[in-house]
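The following account leads the reader through a structure, chain by chain and then across the contact.

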Amino acid sequence: MYGARRTRAVLIVLLIVAVALITLDFRDGGSSRAHTVGARLFGPMERLAGDAASPFVGFYHAAAGDDSAEIAALQKQNDQLRAELAQNQVSKADQAQLGSLGKLAGQHGYKVVTASVIAVGGGYADTVTIDAGSRDGIAPDETVLNGDGLVGTVTATTGTTATVQLATDASATVGVRTTDTNQTGALTGTGQTMTAPQDMRVTLFSSTAVLQPGETLVTFGSVGGRPYVPGVPVGQVVSVTSQPGTLTQSALVQPFVDFTGLGVVGVVTSR
Amino acid sequence: MTAARKVIRALAVPIGLLFAVIVQLTIVNRAPLPGGGAPDLVLLVVAALAVTIGPMTGMLAGFAGGLALDVAPPGGHLTGEYALVFCLVGYGCGRIMAAVEDATGERPAVTALTVMALGAAAGEVGKAALGMMVSDPSVTGPAIKHVLPGAILYDLVLTPFVLWVVAAAVRRPAPERAPEPVFSQTQRLAGAMRAASVGAVPGLRLTGSTPPPVPLPVRSEPRLRLGATRSPALSRTIAASSLAPPPVAGGRAGRLNFTSAGRGNSLGGAASAVRVPQGLSGKSPGKGWLRAERPAGAAAPRFRSPGRGWLRAERPAGAAAPRFKSPGKGWLRPAKPMPVARRKSPGRGWLRPARPIRSNWYTRSPSGRWLRHRKKPWRGRKQRLMQLVGGRR
């Protein structure tokens with residue numbers, strides 16, 4: 001009886017502590033000091049385990065027809081080329097506009113830091129950890145891309161690791177535009193992509209714009225290239241849906257990046 | 001040796017939890033599993049620990065493991081969410097299992113598996129529910145519909161394996177002690193047969209009993225023995241069963257001759273308990289008739305008592321702790337911990353009535369006051385505390 005009472009007392013204390021932690025983190029918007037401490041504690045261990053586990057995960061992808069272990073070096077090269085291409089893909093009109101505004105004045109090229117995914121947040125959040133951090137020049141709000149297209153943005157860094165919020169996370173919003181008609185819109189994730197290849201949803205800003213299936217979407221860009229640099233391909237419009245009661249069109253988008261098999265990614269450091 | 005083992009045992013739970021967290025983040029979540037969700041290894045380990053050890057360990061492990069998942073780098077949810085859910089799961093699983101054990105006295109493997117599966121499913125549902133409650137943008141209705149069934153299914157599939165591994169890891173190395181023997185009718189019969197067959201028919205013995213190492217000497221001189229002077233080993237085995245005195249243990253069974261008991265009037269009322277060999281029936285008993293002629297330690301039945309645990313599978317009882325690679329029989333139930341030596345009381349008069357040191361044989365028996373104090377230790381203390389604070393009494 002005494003043991004049961006003590007157990008209950010400890011349980012109540014633990015529950016109160018947990019609720020207090022949730023409240024504190026909620027107040028700080030999900031970025032309290034606890035995450036920093038946890039990243040310092042678990043980051044190195046995850047790096048080790050991620051390196052040890054990469055053959056297994058590589059085996060998975062090899063079984064799925066993707067020999068990622070062998071083409072890792074090629075992928076890094078591809079990332080570099082993709083970043084250059086992304087810059088070149090910005091249309092001339094845009095370049096003139098942006099150049100006149102001086103937004104891209106100092107930017108002659110993107111510098112890409114390559115890194116490997118070492119851990120993945122399970123459940124409902126679409127976040128990954130990569131094995132490069134602030135010592136490699138990575139800072140929060142920097143664009144993460146892949147050989148195929150946009151991956152996400154950096155949300156937090158430690159010395160040796162960084163946390164990346166994928167573009168498919170339900171709380172991520174990416175400004176995009178169509179390559180053909182230059183219509184702009186907002187792309188949000190549906191939060192189901194880490195577990196199965198699913199679609200993202202784009203909503204156009206203009207009520208008169210028309211979306212066609214098959215159109216390609218690229219990032220619109222942000223001020224200073226944060227959190228998204230312009231011109232990175234995102235995905236392709238699969239089906240256009242017009243929801244009743246809304247003025248603007250929205251569509252489902254199939255991303256170019258295979259989010260379930262992320263291996264090597266590149267982080268665009270704006271230096 | 002034992003100290004090192006204690007350290008290892010104390011570290012087994014945290015290290016196992018840390019291992020589960022790292023494996024979950026770096027391998028399980030990265031594996032592109034079909035069907036939506038991924039299993040939650042940490043949740044399973046917490047439930048298994050709670051089922052195997054108890055609610056206290058379960059909820060502490062749940063809090064620690066959940067907090068680790070919360071703050072480890074790619075965590076996309078608030079700190080404390082999983083700690084809360086896993087803590088509740090650990091407590092619930094351990095509590096249910098303790099209740100089952102209280103009610104039935106055993107911990108069947110099927111019950112443990114069921115409780116653990118229920119706990120895992122409840123944990124997955126709890127994660128989703130708490131995510132919705134704190135308005136996590138990732139936890140939406142469609143996302144839950146997509147992730148939850150697969151996650152629960154994978155958890156259920158992994159439940160037996162995790163339980164097996166955890167039970168093997170936390171199994172206490174101390175040898176199991178035989179429980180207090182409770183003899184059924186057939187076992188009494190078996191005891192009587194053992195007693196009868198030891199020495200009398202050397203080739204015939206019950207399974208599990210050891211053969212007499214030395215053939216018994218043929219006894220030539222007659223002797224008197226009281227029924228109660230059986231070999232101590234036998235009496236220990238049989239007395240617990242309140243068995244009627246068996247035939248003479250060891251040697252030839254003497255015939256009972258109750259008719260002659262009346263003549264030797266010195267035997268008196270103990271006649272029925274005394275076996276008088278036939279050849280001696282006319283003579284008065286010699287001196288030493290009341291006790292065995294040989295010292296009890298060298299008593300005739302020279303078979304070793306089967307020792308504790310003879311009822312169960314043969315295993316060297318006290319010998320070196322069994323090193324199991326895999327959990328053997330009864331793997332689900334960790335052996336009961338050895339009874340802890342009672343802590344010395346901090347001193348007389350400290351929160352308890354001072355009582356004199358009594359040392360002679362008479363006062364060593366527990367006094368009524370001491371017994372009352374054992375039963376209701378807080379009665380006197382409460383009165384003295386009330387006096388101290390100026391209460392009514």
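This is a predicted model: local features need pLDDT of at least 70, side-chain atom pairs count only at pLDDT 80 or more; totals for chains, interfaces and linings use all residues.

Residues are numbered from 1 along each chain as its sequence is written, and chains are lettered from A and ligands numbered from 1 in the order in which they are written.

Within chain A, confidence is highest in strand S5 (residues 162–166), at 89, and lowest in helix H4 (residues 92–101), at a mean of 47. Over residues 96–108 of chain A the pLDDT is below 50, and this stretch has three contacts in the model beyond near neighbours in sequence. Two residues are in contact if their C-beta atoms, placed from the backbone, lie within 7 Å. Helices (H or I, at least four residues) and strands (E, at least two) are DSSP runs, numbered from the N terminus.

In chain A, six strands form a closed barrel in the order S1-S2-S5-S4-S3-S12, with antiparallel pairing; two strands pair if DSSP finds at least two bridges between them. From one strand to the next, the twist averages 45°, an angle between lines fitted to C-alpha atoms, taken in N-to-C directions from 0 to 180 degrees. Strand S1 (residues 111–120) of chain A runs antiparallel to strand S2 (residues 127–130) of chain A, and three bridges join them. Val117(A) stands opposite Ile130(A) in S2(A).

Chain B contains 10 helices and two strands, which run α-α-α-α-α-α-α-β-α-β-α-α from the N terminus on. Of its 393 residues, 31% are buried, that is, with 20 or more other C-beta atoms within 10 Å of their own. Among the buried residues of H1(B) are Val13(B), Leu17(B), Val21(B) and Gln24(B).

The contact between the chains takes 52 residues from chain A and 44 residues from chain B. On the side of chain B that touches chain A, helices H1 (2–28), H3 (55–71), H4 (81–104), H5 (109–133) and H6 (141–170) of chain B each supply at least two residues. By class, that side of chain B has 25 nonpolar (Ala, Val, Leu, Ile, Met, Phe, Trp, Tyr, Cys and Pro), five charged (Asp, Glu, Lys and Arg) and 14 polar residues (the others, Gly among them).

Methods: A residue is buried if 20 or more other C-beta atoms lie within 10 Å of its own, exposed if 12 or fewer, and partly exposed in between; C-beta atoms are placed from the backbone. pLDDT is the predictor's confidence in each residue, from 0 to 100.
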